[in-house]
Structures are given as structure tokens and as C-alpha cells.
Amino acid sequence: MTLLQTPSFTLHGKRALVTGGSRGIGFAAAVALAQAGAEVWIAARGREALAHAAGLAAEHRLAFHPLELDITDAQEVERVLATLPTPDILVNSAGLARHQPFLEVNEDNFDAVMTLNLRATFFVSQRVARRMRAGSKGGAIIHISSQMGHVGGPERSVYCASKFALEGLTRTMALELGDAGIRVNTLCPTFIETDLTRSSLADPAFRHYVLDNIKLRRPGRLEDIMGPVVFLASDAAGLITGSALMVDGGWTAT
């Protein structure tokens, strides 16, 4: 009898595209995919941030392909993607949060959050999935969602709405793309300590709110999302689609 073999977690020979890949969670995802063996393109609007991210990776013997791209412009996405090899892995990490009490939310903030978090993710995924299907090799699409796609949060009505919508989109994509071997999942972090969140987490009242809800009693670190990203992208997750992987320290367990 042949001994069972654990499916591979390595990504050698795979190509990955990470939106929002120049900083924060997107950069951590890109590093993780590259360390697992993938060839990685990082997309963002800021040329300097892209250059800095690629340079930092190079210092550690990782090669990123920087891709200056406004993913809110569907025509630009179409044009730029046509110049690239078909990705085997897409990580949609670009996102935006503008927190206000529900009664004070204005249309500009609503539109900005929904445009990036939902509309742009929708059409980037559509363009990439079309090419994955045409290539007949399958693929993995990972949306960076949030625990706030599963629970409510004060002053986060628009952000929660965008992430709840992303969870619904994920399930429908999984249904429609499964016959092409394309797996679609969300990764749902809690509050992660990044340059953007550090000031908020330094506020004692907010930090108490966060730690009171995270059962492991610490905020997330960028390293906490790296293993889950590689897992969802790899053959080890070969039968996982339409799912949400919670990386929330138990926030949503109650």
C-alpha cells in the first residue's frame, strides 16, 4: 500500500498577482507567496511605494515585478493585464476604510470605499478569472476580506457593507468558476498592526475594545496572514472554495 502524501504547500512554477501589494497586508501576502516559490507581481497606484517594496524584497533575495495600476479603472485593468502572463493566483488586497457614524456618512466616502473594496475587486477578479478559464489550468483567487464581513462594528457601516458584499461575491464566484478548477475564498483578518492602524491601536480606549473582543488577547501581526495566504493559494487547499478563513483571534467565535 502506498503511503499517503500531504499535498504541497509550495508554489514553485506559479505566477501570482497581488493588488495593494506595495504595503501592509498586500506586501506581506506578496512576500509569503514569493517565499513559497511563486513569481509575484505587485500592483498599486504609487510608483514610489512600488519601488520601495520591490527594493526591500530584493534586499532579501526576493524578486517582485512592480505594476503601476489603478484598479478602479476597469479599462486600464484590461489593458495592463493583457500585457502579463495569466496569473495562477490572484490576491485582492487593495482596500479602503473611512470610518464614520452611520448617520454622518456622506456620499463621497460611501462611493470611495465601495468603489475600491467591491467594484474594483469585482472587475479585477472578472478579468483574471476569464484568463484563468481560457488557460484551462484552474487557479486560486483570494479576497482579503475582514472579520467585519461577518460582524458589525461601530462607525463601520460602509466598511462592513463592502466586506459583507465581498463575502457574497466570493460564494457566487465559487459556484460559477468551480467547473474550471478556479477556487475562490476570503481571508478575514482582525485588526492587524500596520503603519495605517498603529495610531488607532495606540489609543487606550480603542485598544481595549479590540483586545476585549480578540480571544487571544493580542492584535494581529502581518505574519499572521502569511501562512493562511500560502495555504489558500496552494494545492493543500485543493478542495476549499467558497469559504472564509477567519484570522481573527476568535473575534467572531461568539
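Searching the whole structure, a predicted model, turns up 8 salt bridges. Side chains of opposite charge can pair when their charged atoms come close. Here are three of these pairs, with their N to O distances.

| Salt bridge | N to O distance |
|---|---|
| Glutamate 78 and arginine 127 | 2.8 Å |
| Arginine 171 and glutamate 167 | 3.3 Å |
| Aspartate 224 and arginine 218 | 2.9 Å |

Let's take them in turn. Glutamate 78 sits in helix α3 (residues 74-81) and arginine 127 in helix α4, so their bridge ties together parts that are 49 residues apart in sequence. Arginine 127 is buried, at 16% relative accessible area, while glutamate 78 is partly exposed at 38%.

Arginine 171 and glutamate 167 are both in helix α5, 4 residues apart, or about one turn of the helix. Glutamate 167 is buried at 4% relative accessibility, and arginine 171 is partly exposed at 39%. Aspartate 224 is partly exposed, with a relative accessible area of 23%; arginine 218, at 30%, is also partly exposed.

Now for an arginine without such a partner. Arginine 156 lies in the loop between β5 (139-144) and α5 (157-177). Arginine 156 is buried but has no salt bridge, because glutamate 155, the nearest side chain of opposite charge, is 5.7 Å away, and a salt bridge needs the atoms within 4 Å. Beyond its neighbours within four places in sequence, arginine 156 contacts His99, Gln100, Met148, Phe191 and Phe206.

Finally, the helices themselves: α4 (residues 107-135) and α5 pack at about 15°, with axes 9 Å apart, which makes them roughly parallel. Their crossing is right-handed. Residues making the contact include Phe110, Leu118 and Phe122 of α4 and Tyr159, Leu166 and Met173 of α5.

Definitions and conventions: Residues are numbered from 1 along each chain as its sequence is written. This is a predicted model: local features need pLDDT of at least 70, side-chain atom pairs count only at pLDDT 80 or more; totals for chains, interfaces and linings use all residues. Side-chain values use heavy atoms; hydrogens and water are left out. Helices (H or I, at least four residues) and strands (E, at least two) are DSSP runs, numbered from the N terminus. Buried means under 20% relative accessible area, exposed over 50%, partly exposed in between (1.4 Å probe, protein chains only). Lys and Arg count as positive and Asp and Glu as negative; His and the chain ends are not counted. Contact means heavy atoms within 4.5 Å. Axes are lines fitted to C-alpha atoms, for helices over the stretch in contact, and angles run from 0 to 180 degrees between N-to-C directions. Angles under 35 degrees count as roughly parallel, over 145 as roughly antiparallel, 65 to 115 as roughly perpendicular and the rest as oblique. A crossing is left-handed if the near helix is turned anticlockwise from the far one by less than a right angle, and right-handed if clockwise.
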